[in-house]
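Subject: Structure handover

Hello,

Please find the structure for your files below. My notes on it follow.

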Amino acid sequence: MKILVTGGAGFIGSAVIRHIIENTQDSVINLDKLTYAGNLESLLAVSDNERYVFEQVDICDRAELDCVFKQHQPDAVMHLAAESHVDRSIDGPAEFMQTNIIGTYNLLEAARAYWNELDADRKQAFRFHHISTDEVYGDLPHPNDESYVGRGSARQMDSENQSCVGQPSGCQSDSEHNVGRGSARQNEVQQELPLFTEQTSYAPSSPYSASKASSDHLVRAWLRTYGFPTIITTSSNNYGPYQFPEKLIPMVILNSLEGKDLPIYGKGDQIRDWLYVEDHARALYKVVTEGVIGETYNIGGHNEKQNIEVVHTICDLLEELVPDNNNSIAAGNQQGFKGLITYVIDRPGHDVRYAIDASKIEKELGWKPEESFENGIRKTVEWYLHKKVYEFIGNDYQNTQNI
Ligand SMILES: NC(=O)c1ccc[n+]([C@@H]2O[C@H](COP(=O)([O-])OP(=O)(O)OC[C@H]3O[C@@H](n4cnc5c(N)ncnc54)[C@H](O)[C@@H]3O)[C@@H](O)[C@H]2O)c1
């Protein structure tokens, strides 16, 4: 099978390509514009493989897309190319509308024109897999928030479509859901907090999530109107190696090592459901190869954590992994790396909680996350330390142990 992966030089796309080349016999065409977020270094492990090819193309360029389809004749598309950072979307939404909406429209049209010309067998087997985000659903009630009822569709506790931990209808057992779910699950009231299901209504809050929601609607319309064989996945926040350091986890690691402030929005109590990127890559491959046309699959890590909890965990790991003699920042500060935490004015429209009910993909496709947050975050910190030590900083931390 030949898979065209858009955005393959990005954080998740590169994990998908590494997974496919290293674990299957399939071939990959990586189509990426190489924006600031694209980095071909993330593909060094596989880029010499004869089953891998790179095309530097903008998904907004229809003529170039047509050439790629004609030349490479893919059997499936996995569409990850996007502008992906919420803060940037607030500062400058135009690029998000262009790439995430117009770019997806162009790709759908180029793929559909190509698909229309395929012979019957290849046409039937073809899949267009659109990778989306749980942010399209808006946000969910927070355990500290007693006034959430009625503040939006995803927040309504009485919605028939919400999957609620501890409620019998359409739910897994408490014990299954609660394993490893952290502080948001520790008392009776919190156990009734809803999760995002595939039926949750769309209520995006940011220009980024609104642009992703728009692209999801285009994909569904292309299925309904043209019979074009699409599948959508929505996932929670990913973490792991090769993430661009504007995102929370790599920013905290790298700023800590450089003695810079660790800016935390509001009180840092926003909850995200953290998914290790390699678990996500496995899920995406399962969906493109085994998923049912027209379906949406939610993908989550069962790891609800407040942002501040994540930051504290990283600081603790850095205290452990960066030895005292090189750790001038922590040594000069009574609180160690945690002393760098600075609370800043909250992001406008900041979603308070995301949490995924991933029972559908588990039940129907047999996927579930394998990485615990404790182990995944340790591997991630170690990976950034390794990069930092040996590639970015040079000798400063050469004596660092445990990496
Ligand atoms: N990171 C997350 O936590 C997360 C969670 C859920 C869903 N997603 C979605 O997964 C996808 C990948 O996310 P990511 O974190 O890897 O993003 P990323 O920002 O790390 O990578 C995006 C990639 O897309 C490429 N790109 C951007 N504009 C392009 C264009 N016009 N044409 C071609 N390529 C272009 C960039 O060069 C980059 O390589 C996105 O669609 C995102 O919405 C991300």
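Which element gives the largest share of the shell around the ligand? Helix α1 does, with 3 residues. Helices here are DSSP runs of H or I with at least four residues, strands are runs of E with at least two, and both are numbered from the N terminus.

Two remarks on the source. This is a predicted model, in which local features need pLDDT of at least 70 and side-chain atom pairs count only at pLDDT 80 or more, while totals for chains, interfaces and linings use all residues. Residues are numbered from 1 along each chain as its sequence is written.

Ligand shell

There are 30 residues around the ligand, and G7, G10, K33, G38 and A82 come nearest. A residue is near a molecule if its C-beta atom, placed from the backbone, lies within 6 Å of it. Two or more residues of the shell are given by each of α1 (11-23), α4 (94-116) and β5 (127-133). By class the shell has 12 nonpolar, 13 polar and 5 charged residues. Ala, Val, Leu, Ile, Met, Phe, Trp, Tyr, Cys and Pro count as nonpolar, Asp, Glu, Lys and Arg as charged, and the others, Gly among them, as polar.

The protein overall

The protein has 14 helices and 15 strands. Of its 403 residues, 48% are buried, where buried means that 20 or more other C-beta atoms lie within 10 Å of the residue's own, with C-beta atoms placed from the backbone (exposed: 12 or fewer; partly exposed: in between). Among contacts between residues at least 6 apart in sequence, 81% join residues at least 24 apart; a contact requires C-beta atoms, placed from the backbone, within 7 Å.

The sheet

An open sheet is formed by 7 strands in the order β3-β2-β1-β4-β5-β8-β13, with parallel pairing. Two strands pair if DSSP finds at least two bridges between them. β3 (52-56) and β13 (296-299) stand at the edges with a single partner strand each, so one side of each has no neighbour in the sheet. From one strand to the next the twist averages 20 degrees.

β1 (residues 2-6) is joined to β2 by 5 bridges, with K2 opposite S27 in β2.

β8 (residues 230-235) has 6 of its 6 residues buried, so it is largely enclosed by the rest of the structure. Both of its faces are covered, T230, I232 and T234 being buried on one side and I231, T233 and S235 on the other. β8 pairs with β13 over 4 bridges, and T234 stands opposite N298 in β13.

A helix pair

α2 (residues 62-72) and α4 pack at an angle of about 40 degrees, with their axes 9 Å apart. Axes are lines fitted to C-alpha atoms, for helices over the stretch in contact, and angles run from 0 to 180 degrees between N-to-C directions. The contact is made by R62, L65, D66 and F69 of α2 and by N106, L107, E109, A110, A111 and Y114 of α4. By class this contact has 6 nonpolar, 1 polar and 3 charged residues.

Regards

Notes:
Two residues are in contact if their C-beta atoms, placed from the backbone, lie within 7 Å.
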